[in-house]
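Please look over the sequence and the structure below before reading on.

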Amino acid sequence: MNHLANEVSPYLRQHAANPVDWFPWSADALDRARREDKPILLSIGYAACHWCHVMAHESFEDADTARLMNDAFVNIKVDREERPDLDAIYMSAVQAMTGHGGWPMTMFLTPEGVPFYGGTYFPPEDRHGMPSFRRVLASVASAYRDRRGDIEATARQIRSLYADTELRMPAALAVSAALLGTAARGIAHGYDARHGGFGGAPKFPHAMALDFALQAWRRGALPEGLEIARDSFRAMARGGIYDQVGGGFHRYSVDERWLVPHFEKMLYDNALLIRLGVHLHQATGDAEVRRVVEDTVAWVAGEMTSPEGGFHSSLDADSGGEEGRFYVWTRDELDGALGSDAAAMADHWGATRAGNFEGANILHVAGGAPAVAGETVRRARAALADARARRVRPARDEKVIASWNGLMLRALAEATFHADGYIGA
């Protein structure tokens, strides 16, 4: 066991048995780096992160890779949900260095904590233009040992970048109708009228932008705001990003059509989407929107609520060692679970023998609008929920984060006291 076994974070404890000599972020780790004059290898992720698990299995559980890490670096593992302050600092650095960010984040720091090289996921072997993690480790260790001046120059440039960013930060603008109108038009400009949401793949829900578009419509500042919010919510609710069996939204879609999600479920996403759905129902009375909100609230109550009343943080993307295994279905599995309803529901959910995800099916409303009677859908969902209960469940990160709980409490309060009647379980 390394130094993570007694940590509170489930993500850190997942790495406690790695052969990597991981430390949590601490004075002891930083002091050791200075005392031994070693660079710091900082790895930041979170418990539900699929690619964090992939890199862990490929590299952090590998004895030869761990030996390289332990010999040349002081290795620090951080849960980005536990330390959002550190995540923000080093995510800014990796974005400045590479033009993109994400998790797992892999940063190399001087013993003083200043970043000088970084990236996100590194594979175990060279592929797709990415260097292998072991090649990166060897190159960074060599540079730190033999070209210290270059390392220090890069660190100074990063320090300067942070300083320049602070100097360039504009003074806060007074909120005005004109400013809000400009923001609303910007949202409309980025809208994907074909698939809903904003931009292309990967596609995130951006619930707050959709809620803002709806508010702008209410104020008369964005005539198309209702359409943008409603059609985007419906597209997500009919897509694979929404759990058609158990309710609740996955984190984001890897395609522009909301079909193939990264399967982790995050508390904060669902809090914001519940609130958006409540506001949409207030504006439209749409029965489909109401059902999705109710089902998502029921999922929160059943799977994300602790015995003490707090809300857990997330569900993993993986189960049984496979991404999405808990959520996808072969056509034979649907036939076995649904009996006489199988053919109609397979058409409804776009399920085929070939599948749409690694030989299985991510369920989605294939025809756009629901075409099967609501009672048949409810019966099928209940049957699949019973069948799914026998599968290996995704791991749950049971941290109770105050800010995320605040988002969910607000969403549930608005759902409960919705003027048109009670919504929720």
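Trp258 counts as buried, at 0% relative accessibility, where buried means under 20% relative accessible area, exposed over 50% and partly exposed in between (1.4 Å probe, protein chains only). The model is predicted, so local features need pLDDT of at least 70 and side-chain atom pairs count only at pLDDT 80 or more, while totals for chains, interfaces and linings use all residues. Residues are numbered from 1 along each chain as its sequence is written, and side-chain values use heavy atoms, with hydrogens and water left out.

**Backbone: positive phi**
- Trp258 has a positive phi of about 70° although it is not a glycine.
- Trp258 is in the loop between β6 (252-253) and β7 (261-262); helices (H or I, at least four residues) and strands (E, at least two) are DSSP runs, numbered from the N terminus.
- His128, also not a glycine, has a positive phi of about 50°.
- The loop between β5 (115-119) and α6 (133-146) holds His128, which is exposed with a relative accessible area of 75%.

**Backbone: cis peptide bonds**
- Trp103 and Pro104 are joined by a cis peptide bond with omega of about 5°, and Pro104 is found in the loop between α5 (84-98) and β4 (105-109).
- Ala201 and Pro202 are joined by a cis peptide bond with omega of about -10°, and Pro202 lies in the loop between α8 (177-189) and α9 (207-218).

**Surroundings of Asn2**
- Asn2 is in the segment before α1 (10-14) and is buried, with a relative accessible area of 11%.
- The side chain of Asn2 reaches the backbone nitrogen of Leu4 at 3.1 Å.
- A polar atom of the Asn2 side chain lies 2.9 Å from the backbone oxygen of Val20.
- Leaving out residues up to four places away in sequence, Asn2 touches His15, Ala16, Asn18, Val20, Asp21 and Trp22 (contact means heavy atoms within 4.5 Å).

**Helices α10 and α11**
- The axes of α10 (residues 225-237) and α11 (residues 267-284) come within 11 Å and cross at roughly 125°; axes are lines fitted to C-alpha atoms, for helices over the stretch in contact, and angles run from 0 to 180 degrees between N-to-C directions.
- α10 and α11 are therefore oblique to each other (under 35 degrees counts as roughly parallel, over 145 as roughly antiparallel, 65 to 115 as roughly perpendicular and the rest as oblique).
- The contact is made by Leu226, Ala229, Arg230, Phe233 and Met236 of α10 and by Leu273, Leu276, Gly277, Leu280, Ala283 and Thr284 of α11.

Key. Polar contact = N/O pair within 3.5 Å; in protein donor to acceptor, adjacent residues only side chain to side chain.
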